[in-house]
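Colleague: Can we walk through this model together? I'd like to start with charges.

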Amino acid sequence: MSQNRPEKDDPALDAKKTISLPISRVRLIMKSSPDVSSINQDALFLTTKATELFVQHLALSSFNNGCGKESNSLSYSDLAKTAEETETFHFLTDILPKKILARDYLKSLEQMQEEDADL
């Protein structure tokens, strides 16, 4: 006697299991745009999956290009270095800037002001 189990045959349930990011958060981010009035479930799933794959690719590239291999870890500086040096991720340089100490920033700001005064 075979039992018909809807949860085994439901492709939507299988698809949700393959996603790590919370779909409700992605929906909230998508709805925050004034241009979006409604969100199709398929579009929500694909956007969530694409975001997940992008983050995974960024993390893997940063791990391989950074110094994470020795310590088996991934740091912010690895992400910032990858964003700056890899053309594919160059659009992230504003979001992932290299860390700079406050004294170094103030020194560079002072130099820029001096250069502007000389002009």
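Colleague: Which residue forms a salt bridge with Lys49?

Modeller: Glu52 does, with the closest N and O atoms 3.6 Å apart. A salt bridge here is a side-chain nitrogen of Lys or Arg within 4 Å of a carboxyl oxygen of Asp or Glu. One caution: this is a predicted model, where local features need pLDDT of at least 70, side-chain atom pairs count only at pLDDT 80 or more, and totals for chains, interfaces and linings use all residues. Residues are numbered from 1 along each chain as its sequence is written, and side-chain values use heavy atoms, leaving out hydrogens and water.

Colleague: Where do Glu52 and Lys49 lie?

Modeller: Both are in helix α4, 3 residues apart, about one turn of the helix. Helices are DSSP runs (H or I, at least four residues), numbered from the N terminus.

Colleague: Is Glu52 buried or exposed?

Modeller: Glu52 is buried, because its relative accessible area is 15%. Buried means under 20%, exposed over 50%, partly exposed in between (1.4 Å probe, protein chains only). Lys49, at 22%, counts as partly exposed.

Colleague: How many salt bridges does the structure hold?

Modeller: There are 2. Lys98 also forms one with Glu84, the closest N and O atoms being 3.9 Å apart. That pair links distant parts of the chain, 14 residues apart: Lys98 is in the loop between α6 (76-85) and α7, and Glu84 is in helix α6.

Colleague: New topic. What does Ser61 touch, leaving out residues up to four places away in sequence?

Modeller: Thr82 and Phe89 (contact means heavy atoms within 4.5 Å). Ser61 is found in helix α4 (residues 41-65). Ser61 is buried, at 17% relative accessible area.

Terms used
Helices (H or I, at least four residues) and strands (E, at least two) are DSSP runs, numbered from the N terminus.
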